[in-house]
Amino acid sequence: MIVVAGEALIDLVPRAAGALADLRPALGGGPYNTAVALGRLGSPTAFCSRISSDAFGEALLDGLREAGVDVSFVQRGSEPTTLAVASIGVDGSAAYSFYVEGTADRLFTAPARLPDTARAVSFGTCSLVLEPGASAYEELLRTAAAQGVFTALDPNIRAVLIPDADAYRARFTSWLPSVSLLKLSEEDAKWLGGTPREWLAAGPCAVVVTRGGDGLTVFTRDGAEHSVPGEEVDVVDTIGAGDTVNAALLHGLSARDALSPAALADLGADGWTDLLRLAARAAAITCSRAGAEPPYAVELGAL
């Protein structure tokens, strides 16, 4: 089982241009999208979070169940659901403003244990910024790594939520010894100010950098670097594209029985190229439709 730990929220997506355009509520949150994408791809998946008992929270749980995701590790709370208001650029890129004060997912507490069948745990986005939940997710990350569980991190920077950039950068660096696979966008890498080689030296076995329509590149501990181009697609918006990459990488690694540092080291050029192509194909499908709507396994063909 792959466990995804982090926030679930509601994206309010504009239906047209302009600041006062009608907003369409959509299920979202980076970790939530990753869990749904994994479920749609057929990977046994569990979601570990705290979700409101309000109507939005019930819809979020329904979305997980429909994707086949185990929700038995989801905590519930009476506080409201976090809201993210999206604005879509002319190129389909998304920017967000957030309503997070007093919301349910901020009050997450680390579980006493992970599922016995957990082979990997994925972390990222707002959940690693907003306290007190951020410290609980950090605790879970370190505990999982200490137990030998494969860990994946996508920081998915939302700068508007980070009051002290230097403090966050230092905290990010402190996570790296506990991270097996680091995935981040070019924009995130620039904001963080480091390089893949520096991050590899701190702990991860591999670093995957996404470059939007230009594709993906993986950097590995042995000094190798492998890239694939993006797949051409008519972009509706990019909401959930990076989360789909996370899911495709984890799903592909699981299918190859490669959720371990030793197995990652043995993937080689062909293995990484196939895996990155799978992630690029999955992200392109997500970009071709509105909102975070990741593909099902049947849409990707052979893995």
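Student: Is Thr125 buried or exposed in this model?
Tutor: Keep in mind that this is a predicted model. Thr125 sits in the loop between E8 and H3. Its relative accessible area is 5%, and a residue counts as buried when that value is under 20%. Therefore Thr125 is buried.

Student: Which residues does Thr125 contact, leaving aside its neighbours within four places in sequence?
Tutor: Happy to go through them, with those neighbours left out. The contacts of Thr125 include Asp154, and Asp154 also lines the second largest cavity.

Student: What is the relative accessible area of Val129?
Tutor: Val129 is found in the loop between E8 and H3. Buried means under 20%, and Val129 is buried. The relative accessible area of Val129 is 18%.

Student: How far apart in space are Val129 and Ala159, C-alpha to C-alpha?
Tutor: In sequence, Val129 and Ala159 are 30 residues apart. Not counting residues up to four places away in sequence, Val129 touches Ala134, Leu161, Ile162 and Tyr168. From C-alpha to C-alpha, Val129 and Ala159 are separated by 9.8 Å.

Student: Which residues does a cis peptide bond join?
Tutor: Look again at the loop between E8 and H3, where Pro132 has its place. The omega of the bond is about 5°. The residues joined by this cis peptide bond are Glu131 and Pro132.

Student: What is the volume of the largest cavity, and which residues lie closest to its centre?
Tutor: The structure holds four cavities of 30 Å³ or more, and the largest cavity has a volume of about 90 Å³. Its lining has 13 residues, divided into six nonpolar, four polar and three charged. Helix H3 (residues 133-146) gives the most to this lining, with three residues. Closest to the centre of the largest cavity are Glu7, Asp105, Cys126, Ser127 and Leu130.

Student: Which elements each supply at least two residues of the lining of the second largest cavity?
Tutor: The second largest cavity has a volume of about 70 Å³. Its lining has six nonpolar, two polar and two charged residues, and Phe123, Leu153 and Leu249 are among them. The elements that each supply at least two residues are strand E8 (120-124), strand E9 (150-154), strand E10 (181-185) and H7.

Student: At what angle do H7 and H9 pack?
Tutor: Helix H7 (residues 241-255) and helix H9 (residues 268-287) have their axes 8 Å apart, and H7 passes H9 in a right-handed crossing. The contact involves residues including Ala248 and Leu249 of H7 and Leu275 and Ala279 of H9. By class, this contact has 12 nonpolar, three polar and no charged residues. The angle between H7 and H9 is about 145°.

Student: Which residues lie nearest the centre of the largest pocket?
Tutor: The largest pocket has a volume of about 1200 Å³. H7 and H9 are among the elements that each supply at least two residues of its lining. By class, that lining has 21 nonpolar, 15 polar and 12 charged residues. Of the 48 lining residues, those nearest the centre are Ser185, Glu187, Thr238, Ala241 and Gly242.

Student: Which element gives the most to the lining of the second largest pocket?
Tutor: The second largest pocket has a volume of about 350 Å³, and Pro14, Ala16, Ala86, Ser87 and Ile88 are the closest to its centre. The lining residues divide into 12 nonpolar, three polar and three charged. With four residues, the element that gives the most is E6.

How values were computed:
Residues numbered from 1 in each chain as written. Predicted model: local features only at pLDDT ≥ 70, side-chain atom pairs only at ≥ 80, totals over all residues. Heavy atoms only, no water. Axes fitted to C-alpha atoms, helices over the stretch in contact; angles between N-to-C directions. Left-handed = near helix turned anticlockwise from the far one by under 90°. Contact = heavy atoms within 4.5 Å. Nonpolar A, V, L, I, M, F, W, Y, C, P; charged D, E, K, R; others polar. 1 Å grid on protein atoms, 1.4 Å probe; cavity = no way out; pocket = protein on both sides within 12 Å on 5 of 7 lines; lining within 4 Å. Points joined across faces, edges and corners; volume = space filled by probe spheres on them. Buried < 20%, exposed > 50% of the residue type's maximum accessible area, 1.4 Å probe, protein only.
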